[in-house]
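Here is a friendly walk through one protein model. Please keep the structure open as you read.

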Amino acid sequence: MTRPMGGHALQIMVVLLAATLVHGGSPHTAVAEPPSKPNIVFILADDLGYGDLGCYGQQQIRTPRIDRLATEGRRFLDCYAGSTVCAPSRCVLMTGLHTGHARVRGNALVPLEPEDVTVAEILRAAGYATGIIGKWGLGEPGTTGVPTRQGFDDWFGYLNQRHAHNYYPDYLWRNEDRVPLDGNANGKREAYSSDLFVTEALAFLDRQQEKPFFLYLALTLPHANNELGRETGNGMEVPDHRRYADRDWPAPQKDHAAMISRLDDAVGQVLDRLEKLGLAENTIVFFSSDNGPHSEGGADASFFRSAGPLRGKKRDLTEGGIRVPMIVRWPGVVPAGTESTYAWGFCDVLPTLAVLAGATAPEGLDGISIVPALVDDPVPGNSAFGEHPPLYWEFHERGFQQAVRVGQWKAIRQRPAAPLELYDLSRDVGEERDVAAQHPEIVARCERLFATSRTDSPHWRVPD
């Protein structure tokens, strides 16, 4: 099932493996430059569940292009979003800091500051053209957090995550200019934002053929239009659901399925353009989601088993809220048709992309480079691997919640005074059996991690 490597691809793999330090040294040390800098495309879905794709077990919604991406690359079974809602998850993705240290730890409108170093800044300094299209959520107009002040050369989309609920907005942002959408003025519904984003992404690829590029395509599908949902009972805003019109499903579920299939179409268009331009072989493509599935706007995460075998959904720190699909394709380098149970998360993206680009990541990140998990098999005894450092989350809505994964163990505290819950994910991925009483030594370690993995900030403090 693994595609054989040519000499150049094998050379890239060897250099990357040699350059990457996972344990026993700093994962943020400057590394040797790979023989050829790959283009990087990171496609992020919005509220797509672990079980919403055919390649992750979905039986009713059709996702052929993403499923094909999985057969051409590596499917990760234990990858984690930065948070269980959009803004903090995207902050972790951009900065390599988990939510115990990140600038943004909830969906409040907190902008990134000049001292925050983003993956776009790292890649631009390494000679990459950097572009973001879609949804940002890390800085309002005029603040230090807008994409063009955080390392992106080109930007088009929604700054505000609430504005992004509306798929027929009357304006979007291009760089720092507000761009009216005449087709949506005065109640018209002619310009569907996700379609505009795909068009912009294809144009970015067309423009950037001659130098390495980083494209962050942050689509809003299949997030609900929450406001429309409150008005009509169906906030799954999509031009049509013709592919599912004959199904005996409630209208919101038909539209939810249509949004996911439309997301699949968008991914296919990007992949097709890379192929047409002759860029596919030297482009590493990541596909993931910002958090678990939602039950908003009339949608029901249980209807399609959108979390798969996992418990919970968006706004939960159980697995269903934070474990997400992750597919990585790099022809000839990332073994095709493979899967991995190596546990990693969004905080690892910045240091990983820095290694791929031959760049230097900042000191003091919470993430590590997981390049070995992309190009080799993370099996016991493989010297390139050790257990990932503990993965930590905190969430500042619905009170204060904490979670940590340490190897096979997952600990959750639902509120500050609540007892710690402990689950053995190797035997209980659905987090049905709390085994805290049987493993006091693991509980004690997780308690220490809860106490030491975070710092207060002006915006985020543990409530009294």
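## Helix packing and local geometry

The crossing of helix 5 and helix 7 is right-handed, a term used when the near helix is turned clockwise from the far one by less than a right angle, with anticlockwise being left-handed. Helices (H or I, at least four residues) and strands (E, at least two) are DSSP runs, numbered from the N terminus.

Please note that this is a predicted model, in which local features need pLDDT of at least 70, side-chain atom pairs count only at pLDDT 80 or more, and totals for chains, interfaces and linings use all residues. Residues are numbered from 1 along each chain as its sequence is written, and side-chain values use heavy atoms, leaving out hydrogens and water.

Axes are lines fitted to C-alpha atoms, for helices over the stretch in contact, and angles run from 0 to 180 degrees between N-to-C directions.

| Helix pair | Angle | Axis separation |
|---|---|---|
| Helix 5 (residues 193-207) and helix 7 (residues 251-276) | about 10° | 10 Å |
| Helix 2 (residues 64-71) and helix 7 | about 50° | 7 Å |

Helix 2 is therefore oblique to helix 7. Its side of the contact (heavy atoms within 4.5 Å) consists of Pro-64, Arg-65, Ile-66 and Leu-69, which meet Leu-263, Asp-264, Val-267, Gly-268, Leu-271 and Asp-272 of helix 7. By class, this contact of helix 2 with helix 7 holds 6 nonpolar, 1 polar and 3 charged residues. Here Ala, Val, Leu, Ile, Met, Phe, Trp, Tyr, Cys and Pro count as nonpolar, Asp, Glu, Lys and Arg as charged, and the others, Gly among them, as polar.

Helix 5 and helix 7, by their angle, are therefore roughly parallel to each other. On this scale, angles under 35 degrees are roughly parallel, over 145 roughly antiparallel, 65 to 115 roughly perpendicular and the rest oblique. Asp-195, Val-198, Leu-202, Leu-205 and Asp-206 of helix 5 touch Arg-262, Ala-266, Gln-269, Val-270, Arg-273 and Leu-274 of helix 7. The residues of that contact divide into 6 nonpolar, 1 polar and 4 charged.

Now for some backbone details. Most residues other than glycine have a negative phi, and most peptide bonds are trans. The bond from Leu-221 to Pro-222, however, is cis, with omega near -5°, and Pro-222 sits in the loop between strand 7 (213-218) and helix 6 (226-232). Arg-315 has a positive phi near 80° and lies in the loop between strand 8 and helix 8 (319-322). Glu-431, also not a glycine, has a positive phi of about 50°; its loop runs between strand 15 (421-424) and helix 11 (440-452).

Lastly, how confident is the prediction? The chain has a mean pLDDT (the predictor's confidence in each residue, from 0 to 100) of 92, and 90% of its residues reach 70 or more. Over residues 1-8 the pLDDT is below 50.
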